[in-house]
Amino acid sequence: MPDCSIEILPPREGMIHVVAMPHPFSMARLVFDIEAGCTLAEILEKVQPDQNLRGFFHVALGEHVIDRTDLHRIRPRPGTHVIVRM
């Protein structure tokens, strides 16, 4: 009988886990890891390349929503979960 045990893998070392819903009329999600060192503003640019739509997004680190004026100042640490929603 095959081994069906489940192994929970932590985020890759040096990576930031991003979950994004980049489109206002779709429930589709993007889930990916990116290397640490990017600001939240740079992550938002990768998630939504359309500058006009970027102004409507909310970005959170875990459960903490980040003010839009601070996105260019904050660089999440490795292992951080970033949530991007419209």
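**View 1. Strand β1 pairs with strand β5 in the parallel sense over five bridges.** β5 covers residues 81-85. Two strands count as paired if DSSP finds at least two bridges between them. Helices (H or I, at least four residues) and strands (E, at least two) are DSSP runs, numbered from the N terminus. Within this pair, Val 18 has Val 82 of β5 as its bridge partner. The model is predicted: local features need pLDDT of at least 70, side-chain atom pairs count only at pLDDT 80 or more, and totals for chains, interfaces and linings use all residues. Residues are numbered from 1 along each chain as its sequence is written, and side-chain values use heavy atoms, with hydrogens and water left out.

**View 2. β1 also pairs with β2, here antiparallel.** Six bridges join β1 to β2, residues 30-35. Val 19 has Val 31 of β2 as its bridge partner. Six of the seven residues of β1 (residues 15-21) are buried, so the strand is largely enclosed by the rest of the structure. Buried means under 20% relative accessible area, exposed over 50%, and partly exposed in between (1.4 Å probe, protein chains only).

**View 3. Five strands make an open sheet with mixed pairing.** The order is β2-β1-β5-β3-β4. β2 and β4 (64-66) are the edge strands, each pairing on one side only. From one strand to the next, the twist averages 25 degrees. Axes are lines fitted to C-alpha atoms, for helices over the stretch in contact, and angles run from 0 to 180 degrees between N-to-C directions. β3 and β4 are antiparallel, with three bridges. Val 59 has Ile 66 of β4 as its bridge partner.

**View 4. Helix α1 lies across β1, β2, β3, β4 and β5.** It runs at about 50 degrees to β1. Leu 40, Ile 43, Leu 44 and Val 47 are the buried residues of α1. Seen down the helix axis, they fall within an arc of 100 degrees, so they line one face of α1. That arc is taken from the directions from the helix axis to the C-beta atoms. Their cover includes β1, β2, α2 (51-54), β3, β4 and β5.

**View 5. The largest nonpolar core holds 16 residues.** Such a core is a set of buried Ala, Val, Leu, Ile, Met, Phe, Trp, Tyr and Cys residues joined through side-chain atoms within 4.5 Å. Val 18, Leu 40, Ile 43, Val 82 and Val 84 touch the most other members. β1, α1 (40-47), β3 (58-61) and β5 each supply at least two residues. α1 gives the most, with four. Beyond its neighbours within four places in sequence, Ile 43 contacts Ile 16, Val 18, Ile 34, Cys 38 and Pro 76. Contact means heavy atoms within 4.5 Å.

**View 6. His 17 sits in strand β1.** A polar contact of 2.9 Å links its side chain to that of Asp 33. A polar contact is a pair of N or O atoms within 3.5 Å; within protein, one must be able to donate a hydrogen and the other to accept it, and residues adjacent in sequence count only if both atoms are side-chain atoms. Leaving aside neighbours within four places in sequence, His 17 is in contact with Val 31, Phe 32, Asp 33, Thr 80, His 81 and Val 82. His 17 and Pro 76 are 59 residues apart in sequence, yet 9.9 Å apart in space, C-alpha to C-alpha.
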